[in-house]
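Welcome, and please have your viewer ready.

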Amino acid sequence: VNDTDLDELLADTLHRHAARALPLPGDPAVWVARRAARRRRRIVAAVAAPVAAAAAFAGFALLGSFHTDAVLPVPPATHAPTPTASAAIPQPTNPVPEETGHSSDEPSVVRHVPAAGLKRLRAAVHQLTEPMPGRPAALRARLVHYQVDSWRSPDDFTLLVTLDLHFPPQTALAWNEGSNGRFVHFSRGPHSQTYQLEWATSR
Amino acid sequence: VQAVSEKGWSVVEGELADFVRGRYPALLRRALLLTGDPGHAEDLVQESLAKLWLAGRRQHIDNPEGYVLRIMVNGSVSRWRRLRPVDTVAAGRDDQLGGTDAADRVVEQDQMWRAIQSLPARQRAVVVLRFYEDLPEERIAEFLGVARGTVRSQMAKARVHLRSIITDTEGADR
């Protein structure tokens, strides 16, 4: 194989495989804005925590407010069940009848997440079975499990979800065939009942 | 630079938001080549754009495309260095490299794709920038923050590695 043949094959291969990358449904600007905000909060917290700790150690009570403003809120224990705790929760005895293209199996953790949020999540999962511009429809999409990953308020929280997705053969997506773990951030305005969802592969 | 709706994050507007919406698919394609994994690619793109987003709040970015590409390349080298795929040897193929049939070409490309993913992260970045982005050596050196000679040596090592895998597979098929 000479250099010319190798280079030509390299270029062809890269362009062919690059075309396999298809974005998730939704507005990437919203995902990025949200992610940038989380990144900024982490940076502020990383800077503020040692300062606040030093201030507290020195007895400057006034500086304590800086600490409480800067550090990310920690969700109550009830909102972050451990895998052991989630396994202990009984499965529903009367599952909802299955819908077309969407298994209605209840997830193994069902508590404290607002009903409107769960409804929105199920609808979003179901939408994966519907064709969208630039993306083929999944054959099956099922919400297997979810748990609270971080909690700031009922209007601003993140779930770690596990989906079971199956796509037509020869279909390449940003999703994997089978099990998919994703972080789903839920946010809504103070006077809004509708959540905005943001999908991400990491916090 | 951007305005965020008071009702949450339902509306994000501005120059950077337009850039993100317009360039996201292309950036995702680059990221897939750099990481070899769809999930990691999404993560790399979003993390890189988040850095761009924060930088854009502090200062005007003249060339956001170049800025984010630099972040992505360096991010792929540093963060994914330990996540090299282990599937370094291609699956068997039916014919020798150079076959004219379209199916043979697809097999060759699949074989080459697996070989590319087996490259160390920096070599993979050099290959992607050279053969996908079509950048000259000096621009690649600029993106990676290394000397031009380093780019040349990385490319030479990548060629040797890729050729050895292809040759090994050819030998196994005979």
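**Start with chain B**

Select chain B: among its contacts (heavy atoms within 4.5 Å) between residues at least 6 apart in sequence, 62% join residues at least 24 apart. Before going further, note that this is a predicted model, in which local features need pLDDT of at least 70 and side-chain atom pairs count only at pLDDT 80 or more, while totals for chains, interfaces and linings use all residues. Residues are numbered from 1 along each chain as its sequence is written, chains are lettered from A and ligands numbered from 1 in the order in which they are written, and side-chain values use heavy atoms, with hydrogens and water left out.

Now switch to a cartoon view of chain B. You will find seven helices and two strands (DSSP runs, H or I of at least four residues for helices and E of at least two for strands, numbered from the N terminus). Along the sequence their order is β-β-α-α-α-α-α-α-α. Of the 174 residues in chain B, 50% are buried (under 20% relative accessible area with a 1.4 Å probe, protein chains only; exposed is over 50%, and partly exposed is in between).

While you are here, select R130(B) and F131(B). The charged end of R130(B) sits over the ring of F131(B), 5.7 Å from its centre (the cut-offs are NZ of Lys or CZ of Arg within 6 Å of the ring centre and within 35 degrees of the ring normal).

**Colour chain A by confidence**

Helix 1 (residues 3-18) of chain A has the highest confidence, at 88, and helix 4 (residues 83-88) of chain A the lowest, at a mean of 34.

**Finish at the rings of chain A**

Select W151(A), F157(A), F186(A) and Y195(A), which form one aromatic cluster. Rings of Phe, Tyr and Trp (its six-membered ring) pair if their centres lie within 6.5 Å; planes under 30 degrees apart are stacked, over 60 edge-to-face and the rest tilted.

How far apart are the centres of F157(A) and F186(A)? They lie 4.7 Å apart with 10° between the planes, a stacked pair. F157(A) is in strand 2 (residues 156-166) of chain A and F186(A) in strand 3 (residues 178-187) of chain A, so the pair ties together parts 29 residues apart in sequence. Both residues, F157(A) and F186(A), are buried.

Last, look at F157(A) with Y195(A): the ring centres are 5.7 Å apart and the planes at 75°, so this pair is edge-to-face.

Terms used
pLDDT = per-residue confidence, 0-100.
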